Amino acid sequence: MTTRNIIAAGFGGQGIMAMGQLIIYAGMLEGKHVSWLPSYGPEMRGGSANCSIVVSSDPVGSPVISQATDVIVMNGPSLEKFEPNVEPGGNLFINSSLCNIEPKRDDINIFTIPVSDLANEVGNPKVANMIMLGAFLAATELVKLESVVKAFTKVYGDSKKKLLPINERALATGIDAVKAAGCVGGVCHIELDKTNTEVKSDYSRQRQANIELSGTDIGNIDYLKNIKKYSEEDDEKIFASEMSIVQEALSVEEESIKYYDKAAEMLEGDMAAETFKSLSHQSDEHVSYLEGLKNVISEDEKVSLGDKIKEALTTREEYDWGKVDPNKVRLALNVFSIGIDIKNQSIKFYKKAAEKSQIEEAKKLYDELAFWEDFQLGQLRGQYEVYRDEWWADQMFSRL
């Protein structure tokens, strides 16, 4: 994690400020840097209320947010006001119980969740904010659920301890709603089935019945989401020595291979599977280069690897992903979304490795691998957009 800039907004009395405070207290409990900046309208209860929340691995320079990684809106006016503040590729969480306005952006991830209706089902309309917080945690994994629970009395005081069970249930309801829908990115609509008081995703109403993610698919997506990625929280250990840097680089490539192999398995039968197999082979080659660098470092050899590696990595051709089976489009969107996240973290690592290393040959290799990862990121993003547009067209959605 680097920095997440979050805006939460709604009516006064909806628990907007408490939601923000729970996030920052949970972040503090996990050793993160945080800030919280509240803003109230003329009337606290019933008027407008919003807060800016920053959670970061690094010290927070300013609590003011212009572009947010995540925006949480609990009513229609807040959606109209703050939707433009979501950065491209960011997340917008909407309380669809009170928002009758359609979002206009097509370059962000959108989660619509009827948290007010769900709160009524839980048994207390006041816990709508906690249901939304649970959905946010499920989608972003910013802080741990147990940290939020520990932060409860910090925000609400010891006198409110008796309310902890229903608030825990509300958090779990939000988490379960997002997980049950299999939402990772793109557009995720969740609604309440009032005939049996269960939460369902509107994906279940798609025209092709077998487009639903199977239990195996969901398990495979969980596997992909749990693949180890570079984290700046470990920088002190990672960049302690030349050997620790190259060991992390090997880990980055080996975890990428796991991702490619599983993605190929999940999309077997489509051209995309063959492309992922090719990418896995390329990462195998990267491992061999890094093993060579490791030997240079351990034996203090003066061997020139840089030019040889650069020559091997310079050929970059557009990937042919081909068409994906219409029944696998949603699965492909999940796979590609996770891959984009992995690539972003890998690029951050390799750029920092090139900066920190004192060995010229290592710097060249890390620069080349950063460039290679950036090229692959562009390919993944481009194909993600193709699949997303195909899926929207198939569902008769228009790009807003």
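Trainee: Which residue forms a salt bridge with Glu268?

Mentor: A salt bridge here is a side-chain nitrogen of Lys or Arg within 4 Å of a carboxyl oxygen of Asp or Glu. Glu268 forms one with Lys277, and the closest N and O atoms are 3.5 Å apart. This is a predicted model: local features need pLDDT of at least 70, side-chain atom pairs count only at pLDDT 80 or more, and totals for chains, interfaces and linings use all residues. Residues are numbered from 1 along each chain as its sequence is written, and side-chain values use heavy atoms, with hydrogens and water left out.

Trainee: Is Glu268 buried, exposed or partly exposed?

Mentor: Check the relative accessible area: under 20% is buried, over 50% is exposed, and in between is partly exposed (1.4 Å probe, protein chains only). Glu268 comes out at 43%, so it's partly exposed. Lys277, at 38%, is partly exposed too.

Trainee: How many salt bridges does the structure hold?

Mentor: There are 13 salt bridges. One of them joins Lys343 to Glu373, at 2.9 Å from N to O. That pair ties together distant parts of the chain, with Lys343 in helix 12 and Glu373 in helix 13 (residues 360–394), 30 residues apart. Helices, by the way, are DSSP runs (H or I, at least four residues), numbered from the N terminus. Lys343 has a relative accessible area of 2%, so it's buried, and Glu373 is buried at 0%.

Trainee: What about Arg105, which residue does it form a salt bridge with?

Mentor: That would be Asp107, with the closest N and O atoms 2.8 Å apart. Arg105 is at 18% relative accessibility, so it counts as buried, while Asp107 at 30% counts as partly exposed.

Trainee: Where is Asp270 found, and what is it in contact with?

Mentor: Asp270 is in the loop between helix 9 and helix 10 (271–299). Contact means heavy atoms within 4.5 Å. Leaving aside neighbours within four places in sequence, Asp270 is in contact with Lys323, Val324, Asp325 and Lys328. Asp270 has a relative accessible area of 9%, so it's buried.

Trainee: On to helix 4, how many of its residues are buried?

Mentor: 12 of its 13 residues are, so helix 4 is largely enclosed by the rest of the structure. Among the buried ones are Met130, Leu133, Gly134 and Phe136. For the geometry, the expected span of a helix is 1.5 Å times one less than its number of residues. Helix 4 (residues 128–140) reaches 18 Å from first C-alpha to last, close to the 18 Å expected. Glu141 follows helix 4 and has a positive phi, near 55°.

Trainee: How many cavities of 30 Å³ or more are there?

Mentor: On a 1 Å grid over the protein atoms alone, a cavity is a set of points where a 1.4 Å probe fits but cannot get out, and lining residues have an atom within 4 Å of a point. The count comes to two of 30 Å³ or more.

Technical notes: Helices (H or I, at least four residues) and strands (E, at least two) are DSSP runs, numbered from the N terminus. On a 1 Å grid over the protein atoms alone, a cavity is a set of points where a 1.4 Å probe fits but cannot get out, and a pocket is an open set with protein on both sides within 12 Å along at least five of seven lines; lining residues have an atom within 4 Å of a point. Grid points are joined across faces, edges and corners, and a volume is the space filled by probe spheres set on the points.
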